Amino acid sequence: MTAIEKGFAAAGELWEVADHRQRVAAKRRQRMRSLLLGSTLRLLMEHRNPSPSIDDIIGLAQVSRGTFYKYFPSSEAIMRELTGRMAEQWIRAIDPIVRSHDDPAEHIARGIRLAAMLAAHQPVVAGILGRFGWPGCQAPSMLDFVRRDLEDGVRRNRFTRMPITLAFNIVTGAAMSAMHHMLESECSDDFSELAAAVALRALGVESATADAISSSPLNANLELFGDMLGAAINDAP
């Protein structure tokens, strides 16, 4: 082997060592981030504190305050990320079902009904989102697809022309109401359909059409949401 070849070989070995170290460090960071998110989630699930503090989180995770600050600037920041990730998992799960129709009214009704389904079959996720606010209400980019449907519906004369912010509030209000009520043991099975129909009427859809759309088959099963809690935590970068 020539000197040049030896040099290339040595450089390759050094690159492999550096790459391995980077991958190990990245996995370590992901594990720590997941630990902090998981500890926050556990505190919420056990109702120890309606809004966990940094001391609560690091106490359960058994890490230092300095370690926490390497990943999150505040307890509010970790809560935003956790609830945001939970919402993203929900959107990822329902999007194929919502988008299976071209009608924006179908999209809106299906989204509301699937929000209620989330509450019925993933009450922990729905309860946390309900307690801390749907992230899309504070960060509109989370629910841009709803705004697009509303704008499309207005443009196609499917919905009454109105400020999109008002229409958005109608939809998110109906979805949150459906989620809250589905968490109640005495809630009727068709409450989500009623909530969707009311929202469509408020948007300008004729009553009979709103009822028909809101009661159409969803073709969704319990496997739709899967392990949303685990995915929200372990999907951390």
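## Overall fold

Of the contacts in the chain (heavy atoms within 4.5 Å) between residues at least 6 apart in sequence, 69% join residues at least 24 apart. This is a predicted model, in which local features need pLDDT of at least 70 and side-chain atom pairs count only at pLDDT 80 or more, while totals for chains, interfaces and linings use all residues. Residues are numbered from 1 along each chain as its sequence is written, and side-chain values use heavy atoms, with hydrogens and water left out.

The chain has 12 helices and 0 strands, where helices (H or I, at least four residues) and strands (E, at least two) are DSSP runs numbered from the N terminus. Buried residues (under 20% relative accessible area, with a 1.4 Å probe and protein chains only) account for 46% of the 237 residues.

## Histidine 107

Histidine 107 belongs to helix α5, which spans residues 104–121, and it counts as buried because its relative accessibility is 8%. Leaving aside neighbours within four places in sequence, histidine 107 is in contact with Val98, Arg99, His101, Asp102 and Asp149. A polar atom of the histidine 107 side chain lies 2.4 Å from the backbone oxygen of histidine 101.

## Two loop residues with positive phi

Most residues other than glycine have a negative phi. Asparagine 157, in the loop between α8 (144–155) and α9 (164–182), has a positive phi near 60°.

Glutamine 62 counts as exposed (over 50% relative accessible area) because its relative accessibility is 73%, and asparagine 157 is exposed with a relative accessible area of 67%.

Methods
A polar contact is a pair of N or O atoms within 3.5 Å; within protein, one must be able to donate a hydrogen and the other to accept it, and residues adjacent in sequence count only if both atoms are side-chain atoms.
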